[in-house]
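Please open the model in your viewer and keep the selection tool at hand. The stops below are meant to be visited in order.

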Amino acid sequence: MRWLCLLLPLLTIACTSVTVDEFKRGNANLDASDSVVILGRRHSSDYETEPDLVQCIGEEIASGGSGIRVIPELEFVNRLYPWFEPRIAPMSVRSLNRVAQRDDVARVLRDYGVHYIIWIDGHTETTNSAGSIGCSVGPGGAGCFGFGTWDKESDYEATIWDFDTGKVVGKISADASGTSYMPAIVVPIPLIARVQAGACEGLGTQLRKFLKPDS
């Protein structure tokens, strides 16, 4: 069984394909005192952008010694309650400017040094599944037999608002897809396609290059 233990970590990741597209309207200009907020869109009735995906993108942007200061989503939303709750969050830069005219909102944005607000819209879903796995327990022991497979797709778009100029300066989208497998001969062995993680890495890396091209 030793060979199986050594092989298992290598078999737990299936292939994922990621496509990233960028639409740029201007160049980013971040000073040392500036910060960036990453927020997830949750106004749709049939899905919400996952908080862990938003956190993952924020960590990707701040990684690699980029020097980009990212304000945690939950901290920012709680501090500005209720102005960035899903039901009343601004849907355009013009709406943001109206909200920012309130003294309490303006004070928090100024304290954070917010320069860019990045909205992430999209989600990951299972699009197809097939196969089955059966397990049984008997006097001679327990075991499973069968084969299962499922497809996942991620579709996300980041819209970058420049709070200082009141304009949309760019949009970046990331589409990822992959198929996971679960063969079972005595022991089920999951081969997981890291679809959402692939979308996070692709989108986060491109956003970091957009905000700081030399990072």
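Predicted model: local features only at pLDDT ≥ 70, side-chain atom pairs only at ≥ 80, totals over all residues.

Residues are numbered from 1 along each chain as its sequence is written, and side-chain values use heavy atoms, with hydrogens and water left out.

**Stop 1: helix H6**

Select residues 195-211, which form helix H6. Helices (H or I, at least four residues) and strands (E, at least two) are DSSP runs, numbered from the N terminus. The end C-alpha atoms of H6 lie 24 Å apart, in agreement with the 24 Å that its 17 residues should span at 1.5 Å a residue; the expected span is 1.5 Å times one less than the number of residues. Twelve of the 17 residues are buried, so H6 is largely enclosed by the rest of the structure. Buried means under 20% relative accessible area, exposed over 50%, and partly exposed in between (1.4 Å probe, protein chains only). Among the buried residues of H6 are Val195, Cys200, Leu203, Arg208 and Phe210.

**Stop 2: the nonpolar cores**

Next, select Ile57, Ile118, Ile120, Leu203, Leu207 and Leu211, the residues with the most contacts inside the largest nonpolar core, which has 30 residues. A nonpolar core is a set of buried Ala, Val, Leu, Ile, Met, Phe, Trp, Tyr and Cys residues joined through side-chain atoms within 4.5 Å. The elements giving two or more residues to this core include strand S3 (35-40), helix H2 (51-62) and strand S5 (114-138). H6 gives the most, with seven residues.

Which residues does leucine 207 touch, not counting residues up to four places away in sequence? They are Ile57, Ile61, Ile118, Ala158, Ile160 and Ile172, where contact means heavy atoms within 4.5 Å.

To see a second, separate core of 20 residues, select Ile71, Phe76, Val93 and Leu109, which it includes.

**Stop 3: the disulfides**

The structure holds two disulfides, a disulfide being a pair of cysteine sulfur atoms within 2.5 Å. Select cysteine 56 and cysteine 200, joined with an S to S distance of 1.9 Å. This pair links distant parts of the chain, with cysteine 56 in helix H2 and cysteine 200 in helix H6, 144 residues apart. The torsion about the S-S bond is about -95 degrees, so this disulfide is left-handed. Cysteine 56 is partly exposed at 26% relative accessible area, whereas cysteine 200 is buried at 1%.

Now select cysteine 135 and cysteine 144, whose bonded sulfur atoms are 1.9 Å apart. Their link is right-handed, with 105 degrees about the S-S bond. Cysteine 135 is exposed at 54%, and cysteine 144 is buried at 14%.

Cysteine 15 is exposed at 72%. Its sulfur is 19 Å from the closest cysteine sulfur, in cysteine 200, which is too far for a bond.

**Stop 4**

Finally, display S5 and S6, which pair in the antiparallel sense over 22 bridges. Two strands pair if DSSP finds at least two bridges between them. A hairpin of two residues joins S5 to S6, and isoleucine 118 has isoleucine 160 in S6 as its bridge partner.

S6 and S7 are also antiparallel, pairing over 19 bridges, and phenylalanine 147 stands opposite proline 183 in S7. Their hairpin has four residues between the strands; there, glycine 166 takes a positive phi near 70 degrees.
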